[in-house]
Amino acid sequence: MKALLIHPEFPDTFWSLKHALRFIRKKAALPPLGLLTIAAMLPEEWPKKLVDTNVAKLTESDLDWADCAFIGGMAVQRDSARRIITQCKEAGLKVIAGGPLFTSEYDQFEDVDHFVLNEAELTLPAFMKDLENGRAERIYRTSEFCDTRNTPAPLWELADLKHYASMSIQFSRGCPFNCEFCNVTALFGHLPRLKAVEQIIAELDGLYNLGWRGQVFFVDDNFIGNKAYLKGHLLPALIEWQKGKKGIPFNTEASVNLADDEPLMKMMVEAGFDGVFIGIETPNEESLAECNKQQNKNRNLLESVKLMQRAGLQVQGGFIVGFDNDTPSIFQRQIEFIQKSGIVTAMVGLLNAPPGTRLYERMRNEGRLTGFISGDNVDGTTNIVPKMGLDVLRQGYRNILQQIYSPKHYYRRTMTFLRDYRRPRIRPPLDFQRLLAIFRSSVRLGVLGKERFQYWKLLFWTLFRRPQLFTLAVTFAIYGHHFRKISKLHNFH
Ligand code: B12
Ligand code: SF4
């Protein structure tokens with residue numbers, strides 16, 4: 001069987017980073033790790049081709065070549081997925097779908113021949129066996145979690161790496177916490193399941209041998225879910241792996257209690273980590289209690305962020321408004337927190353209730369559910385009836401975005417960050433593309449952009465005060481351009 005693996009297109013969203021990627025001539029932020037992983041589980045003798053529609057067109061000849069199509073993605077890609085399914089069916093292909101979008105919404109896709117849901121490590125073998133025997137069923141799913149020590153390395157060679165800004169790798173799945181709005185524990189479990197150190201090193205070697213010399217994102221739900229293993233095994237191995245190599249910085253996602261563990265932060269930085277996405281959610285203690293965000297409660301969140309930044313970890317932050325305990329004063333409090341924290345990449349969304357979460361159940365019981373989540377958590381929509389009223393919430397939300405991405409606030413926040421940030425030990429090389437990006441941004445933002453005054457002020461300030469962080473300052477300027485475009489798109493400006 002000739003298998004076409006298709007990744008649907010992301011719309012123009014906060015996370016697509018489309019407007020920023022143009023400056024470095026990249027087409028997408030990350031490759032489709034789920035599809036590359038299941039490619040490695042398909043029979044070796046099957047010819048395989050990946051079409052990531054974020055970086056290449058799905059052509060007639062692709063469809064003519066293939067016997068079957070494996071489609072996977074997340075909820076935000078559903079419109080594109082629908083179009084692709086239609087195209088594949090019209091071309092006479094057997095369509096097999098899996099991944100987060102279909103695991104949560106399979107009943108919305110009538111044309112799909114087979115759903116291989118949840119973790120493919122557990123469901124794909126049964127499907128393949130039945131397919132071979134000519135009696136494949138329509139739905140394969142499981143409530144078990146797989147042992148990630150048996151997960152094969154992704155088939156990187158199917159992807160055209162040059163189109164991506166970063167590569168991704170997954171060390172663990174699951175999270176020991178249990179926040180009310182989050183579906184990670186329902187999808188991936190409470191007990192973090194880890195890959196063995198040897199698997200991670202082999203995956204990194206695979207990427208390195210294919211010539212990759214840039215950022216690698218550890219896409220774990222919570223990278224520090226098992227600190228003892230990290231300190232005792234993975235981080236020492238990563239520190240060793242980095243020796244003699246240039247320019248492979250790592251970033252990841254973690255819970256805020258990382259700030260309490262200085263030795264862990266030190267080891268992460270030594271291993272090449274320069275950034276971490278943290279769910280900060282809200283400075284409102286009552287709302288933290290409401291959503292059971294235990295690890296964020298009873299601490300000085302601002303100080304925790306600063307501790308991580310000073311250790312050499314750029315903090316990106318997720319924030320939420322619309323909790324039952326939020327009053328209209330929350331909007332200004334969020335703005336002030338974000339500005340003081342120096343969290344440049346601040347993702348603020350309305351509280352949403354994804355299916356499978358405890359929040360979803362509570363909202364259903366209280367008769368406050370209004371439908372599906374859009375899949376884009378920063379488009380100003382929600383599927384619940386907020387206590388403060390939707391109009392007040394949306395107006396306050398609009399105000400937050402207008403403020404935090406406005407050139408004045410955004411560039412000031414960038415300086416707040418650069419002032420405190422310890423320069424990372426491992427940095428990507430200043431290649432031709434990056435030099436070109438500096439040039440392009442100086443024209444696009446420094447001459448044509450409304451922010452030209454702030455742009456040059458930031459660049460000169462960085463040159464004199466933190467010259468080693470100059471390229472990072474340019475990167476932030478470019479990101480700011482993307483965030484403003486996105487908030488304009490959603491009519492928040
Ligand atoms: C990396 C990542 C991203 C990247 C995506 C990059 C990319 N090119 O894919 C970025 C940063 C862009 C992103 C953004 C968002 N993401 Co995201 N993201 C992840 C994350 C952390 C890792 C994904 C990954 O690579 N996993 C590793 C691979 C191996 O796992 P996998 O993809 O799940 O694949 C397995 C199975 O699903 C299955 N499978 C996958 N594909 C297919 C296909 C077929 C045919 C088959 C048979 C099986 C199959 O088999 C694989 C092996 O077990 C996941 C959480 C997670 N732990 O997976 C969330 C997750 C996918 N994201 C999610 C969400 C909600 C978002 C955001 C809205 C923001 C947010 N809350 O995080 C935005 C939306 C995007 C936008 N607005 O543009 C949800 C998706 C929920 C849903 N039902 O769709 C997840 C599950 C996290 C969560 N619980 O909130 N995200
Ligand atoms: S800490 Fe993060 S991943 Fe873990 S349950 Fe809370 S929101 Fe989800």
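Two strands pair if DSSP finds at least two bridges between them. I took helices (H or I, at least four residues) and strands (E, at least two) as DSSP runs, numbered from the N terminus.

The model is predicted, so I noted that local features need pLDDT of at least 70, side-chain atom pairs count only at pLDDT 80 or more, and totals for chains, interfaces and linings use all residues. Residues are numbered from 1 along each chain as its sequence is written.

**Sheet.** I looked up the strand order and found an open sheet of 6 strands, β2-β1-β3-β4-β5-β6, with parallel pairing. β2 (48-52) and β6 (139-140) are at the edges with a single partner strand each, so one side of each has no neighbour in the sheet. I then checked β5 (residues 114-116), which runs parallel to β6 and is joined to it by 2 bridges. Phe115 has Ile139 of β6 as its bridge partner.

**Helix on the sheet.** I found α4 (residues 78-90) lying across β1 (3-7), β3 (68-72) and β4 (94-98), at about 175° to β3. Axes are lines fitted to C-alpha atoms, for helices over the stretch in contact, and angles run from 0 to 180 degrees between N-to-C directions. Contact means heavy atoms within 4.5 Å.

**Helix pair.** I looked up α17 (residues 432-444) and α19 (residues 470-489), which pack at about 50° with axes 10 Å apart. That makes α17 oblique to α19 (under 35 degrees is roughly parallel, over 145 roughly antiparallel, 65 to 115 roughly perpendicular, the rest oblique). In the contact, α17 uses Ala437, Ile438, Ser441 and Arg444. From α19 I listed Phe470, Thr471, Val474, Ile478, His481 and Lys485.

How values were computed. Chains lettered and ligands numbered in written order. Heavy atoms only, no water.
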